[in-house]
Amino acid sequence: MRYLWTFRAVLVRLLIELKRYPLNTLSSLATLYLVFLILFTGARYAQGLGVNLFGEGLEGLVVGYLVWTFAIIAFSDLSWELMREAQQGTLEQLYMSPQGFRFVSVCWILASFLVSLIWVAALLGLMMLTTGRFLRLPLGTLGALLLLTVAPVYGIGFAMAGLALVYKRIQAFFQILQFVFVALVALPADAAWSKALPLSLGTRLLGRVMVDGDTLATLPVGDLLVLIGTAAFYLLLGVGVFRLFEEIAKDRGLLAHY
Amino acid sequence: MDAITVEDLTKDYPTRKGPVQALSGVSLRVERGEIVGLLGANGAGKTTAIKILCGLLRQTSGRAEVFGVPSSRPEVARHVAALLEGSRNVYWRLSVEENLRFFAGLQGLPPYEARRRCAELVAHFGLGEKRRTTANLLSQGMKQKLALACALVKGTPVLLLDEPTLGLDVETSHELRGMIRELATGEGKTVLLSSHDMGVVEDTCRRVIILARGRVVADDLVPNLLALFQTRAYQVSLRDGLPQDARARLARRFLTFRVAEGERAVAVELPPEQDVYTLMDALREEGVAVDGVSRVEPNLEDVFLRIVRGE
C-alpha cells in the first residue's frame with residue numbers, strides 16, 4: 001500500500017499546484033489553442049490554393065497536433081520538473097523516499113499523464129469545434145494507443161533529465177527537441193525505419209482510430225507489435241541513460257547543485 | 001545494534017585535475033537515542049558524510065549503514081530522514097500542511113496517518129496560524145521549522161541535520177535547539193547534527209565528532225573534550241590598571257601573560273611549575289591591586305580550534 005500512498009501524494013501535489021496557479025494552467029491551454037488556430041488558418045488557406053499541407057486533411061492536423069501536444073506535455077512534465085526540483089533543492093528529498101526515486105518518477109509520469117488527459121481532451125474539444133470535424137473517440141483504444149505513442153517521449157524525457165542532472169543548463173536542447181517532435185509526428189510511417197522512430201507510427205494509428213473508425217482489433221497486428229516494441233525500447237533506453245547519469249551525479253555529488 | 005555505523009569510509013570527488021579526497025577512512029558509530037555533533041571547518045567532509053548516509057552520494061569505498069541497512073539502498077529512507085542545506089528542502093508553492101502531508105505520503109504513510117502526524121507537528125512547532133500559508137511567505141525561522149517538521153513527519157528513528165540553525169536569529173535558534181534536544185529525550189530519536197555554530201552543538205549534543213581534512217580527529221563526549229583542553233588559565237581583574245614597567249617584568253616571568261579588557265585585567269595560562277599563588281605573589285610584589293580572579297574555562301569552540309590546528 002505504501003506505493004499507492006506515494007502515488008497519491010504525488011498526484012495530490014500536482015493537482016494542488018495546477019489549482020493554485022489557474023492562470024498559468026489556462027494560459028498554457030490558450031497558447032496551445034492559439035498555435036493550433038494559426039496552423040488551422042494556414043492549412044485552410046493552403047487548401048484554398050489546392051495544396052494539402054497535412055496529408056490526411058484537417059483531421060490529420062487535429063490528430064497530429066493532439067499527439068504533439070501530448071508529447072510536449074509529457075516531455076516537459078518530466079524533464080523540466082526534474083530541473084525545477086534540483087533548482088529548488090527538493091530533488092534530494094525525492095531521492096530519500098523508501099520507494100526509490102525511480103518509483104517517484106513513475107508516479108509523476110502517471111499523475112501527469114492523467115492530468116494531461118484532461119487538458120488534451122479540452123484542447124481536442126476546442127479543435128473539433130473550430131474545424132467542424134468531429135473525430136471518433138473510443139476512450140479505451142485511444143488511452144492505450146496514446147500511452148504507447150508517448151512512452152518513447154517519456155524515455156527521451158528520462159534521458160534528458162539524466163543529462164540535466166549532470167550538465168544542468170540544457171534548456172536550449174529541450175527547445176530543439178520540441179521541433180524534432182513536430183518532424184516525428186509529421187513523418188509518414190510507411191517505411192520500417194520510420195515506424196521504429198518515436199511518435200511517427202503511433203500518430204498514424206491514432207489517426208486510423210479517430211478518423212477512419214479502426215479499433216485495436218482492426219489495426220495491423222504487426223504495426224501494434226512495432227508500436228509496443230518501440231515504446232518499450234525507448235522507455236527502457238531512456239531509463240538506462242537516466243540511471244547512468246544518476247550514478248555519475250551521485251558519484252560527483254551533483255544531485256543538489258544547480 | 002548501533003543506529004549509524006560508518007567504517008573506513010572514503011570519498012573521492014572526480015575532477016578534471018584528478019580526484020579530490022573529501023573523506024579518508026572515516027569510521028564512526030552513533031548509538032540509538034544519541035545526539036552527536038559533527039564538527040569541522042568548510043570542506044572537512046561533514047556534508048559529504050551526511051549525504052552518503054542518506055544515499056545521496058556514492059562512497060568510493062567503505063561502509064555506511066543505518067540500522068544495518070546500507071545507505072546506497074532506497075530502503076535506508078525507512079530509518080533515516082534529513083534536513084539538508086537549511087530550509088531549501090520544502091516546496092515553496094505548497095502550504096505548511098500540504099508540505100507535511102506530501103512528505104508523509106512520499107514516505108508511504110497512509111493519508112489518515114499523514115493527517116495525524118501533520119496536526120501533531122503543526123501544534124508542536126507552533127505553526128498553527130500559518131498552516132495554510134505557502135512556504136514562500138513564511139519567515140526564515142518558520143521555514144526552518146517547517147523543513148525540520150517535514151523531516152520529522154516521516155517518523156524515522158534517525159535524523160541527519162545539516163546546519164539546522166543556519167540563518168536564524170538568536171531567539172529562533174534557541175527555540176530550535178530545545179526542539180532538537182527534545183527529539184532525543186522525548187522521542188528517543190537518534191540525531192547526527194552538523195553545524196558551524198558551536199553554541200548549537202554544545203547546547204544539544206552529548207558527544208562530538210570532529211572532522212579535519214576528511215579524517216576523524218576527535219570523537220568523545222563533550223565534557224571529556226573540554227577536560228582534555230582544560231588549562232590553568234586565569235583572568236585577573238585589576239582595580240587601578242597595570243603600570244608599564246610592571247607589565248614588562250610580569251611578561252618576562254609569565255610567558256603567556258597578556259593585558260586584557262583595556263588594561264583593567266590580565267590573562268595568564270600557567271605552566272605546570274607555576275600555580276595561581278605564584279601569580280598572585282608576583283602581582284602583589286609589583287604593587288598591583290587585584291579585584292578578583294577567575295579561572296578561564298575552555299568552550300567547545302576553543303577545543304575545536306585547538307584540535308583542528310593540531311595543538
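Colleague: Let's start with one residue. Leaving aside neighbours within four places in sequence, what is A:G253 in contact with?
Modeller: Once those neighbours are set aside, A:G253 is in contact with B:Y13, B:K51 and B:L57. Keep in mind that this is a predicted model.

Colleague: Where is A:G253 found in chain A?
Modeller: In the segment after helix 10 of chain A, a helix that covers residues 221-252.

Colleague: And is A:G253 buried, exposed or partly exposed?
Modeller: A:G253 has 18 other C-beta atoms within 10 Å, so it counts as partly exposed. Being called buried would take 20 or more.

Colleague: How far is A:G253 from A:V166?
Modeller: In sequence they are 87 residues apart, and in space the C-alpha to C-alpha distance is 9.5 Å.

Colleague: Zooming out, how many helices and strands are there in chain A?
Modeller: Ten helices and zero strands.

Colleague: What about its overall dimensions?
Modeller: Along the principal axes, the C-alpha atoms of chain A fill a box of roughly 60 × 40 × 40 Å.

Colleague: How much of chain A is buried?
Modeller: Buried residues are 40% of the 258. As for contacts in chain A with a separation of 6 or more, 80% are between residues 24 or more positions apart.

Colleague: Back to the two chains. How many residues are in contact between chain B and chain A?
Modeller: On the chain B side 31 residues, and on the chain A side 27.

Colleague: Which elements of chain B give two or more residues to that?
Modeller: Helix 1 (46-54), strand 6 (80-83) and helix 2 of chain B. Helix 2 gives the most, with four residues.

Colleague: And what kinds of residues are on that side of chain B?
Modeller: The side of chain B that touches chain A has 18 nonpolar, five polar and eight charged residues.

Colleague: Helix 2 of chain B again: how does it pack with helix 3 of chain B?
Modeller: Helix 2 (residues 96-106) and helix 3 (residues 111-124) of chain B have axes 9 Å apart and an angle of about 135 degrees. The two helices are therefore oblique to each other, and their crossing is right-handed.

Colleague: Which residues meet there?
Modeller: Among them are B:L100 and B:A104 in helix 2 of chain B, and B:C118 and B:L121 in helix 3 of chain B. The residues of that contact divide into seven nonpolar, one polar and five charged.

Definitions and conventions. Residues numbered from 1 in each chain as written. Chains lettered and ligands numbered in written order. Predicted model: local features only at pLDDT ≥ 70, side-chain atom pairs only at ≥ 80, totals over all residues. Axes fitted to C-alpha atoms, helices over the stretch in contact; angles between N-to-C directions. Parallel < 35°, antiparallel > 145°, perpendicular 65-115°, else oblique. Left-handed = near helix turned anticlockwise from the far one by under 90°. Contact = placed C-beta atoms within 7 Å. Nonpolar A, V, L, I, M, F, W, Y, C, P; charged D, E, K, R; others polar. Buried ≥ 20, exposed ≤ 12 C-beta atoms within 10 Å, placed from the backbone.
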